[in-house]
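Please look over the sequence and the model below before reading on.

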Amino acid sequence: YKEDGKTVIRLFNSTDKNQSTTVKIDKYSIDKKVDFAKFEVKTFIIENGQLFETNLKLKGRTIVWKRF
């Protein structure tokens, strides 16, 4: 969804095992491997065509970006 003009993506591992996946978004040429611990939730922001992992607290306005 969109938050302040940025695209926010939430992904989660619903298993009791570590997992990995690839985030692919052709529109922005994003192709990134993402690793998850068991039951982990991650939030990402797309801004200016780049993918950032965040510890975003939506509406609480705490945003820390880590560029891939």
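The paragraphs that follow go from the overall fold to one hairpin and then to the charged pairs.

This is a predicted model, in which local features need pLDDT of at least 70 and side-chain atom pairs count only at pLDDT 80 or more, while totals for chains, interfaces and linings use all residues. Residues are numbered from 1 along each chain as its sequence is written, and side-chain values use heavy atoms, with hydrogens and water left out.

The chain has 0 helices and 7 strands, where helices (H or I, at least four residues) and strands (E, at least two) are DSSP runs numbered from the N terminus. Of its 68 residues, 29% count as buried, a term that means under 20% relative accessible area, with exposed over 50% and partly exposed in between (1.4 Å probe, protein chains only).

Strands β3 (residues 19–25) and β4 (residues 30–36) pair in the antiparallel sense over 7 bridges, pairing being assigned if DSSP finds at least two bridges between two strands. K24 has D31 in β4 as its bridge partner, and among the 4 residues between the strands of this hairpin, S29 takes a positive phi near 55°.

The whole structure holds 4 salt bridges, each a side-chain nitrogen of Lys or Arg within 4 Å of a carboxyl oxygen of Asp or Glu. One of them joins K6 and E47 (3.8 Å, N to O), and this pair links strand β2 to strand β5 across 41 residues. Another joins E53 and K42, with the closest N and O atoms 3.9 Å apart; E53 lies in strand β6 and K42 in strand β5, so the pair ties together parts that are 11 residues apart in sequence. E53 counts as buried at 17% relative accessibility, as does K42 at 11%.
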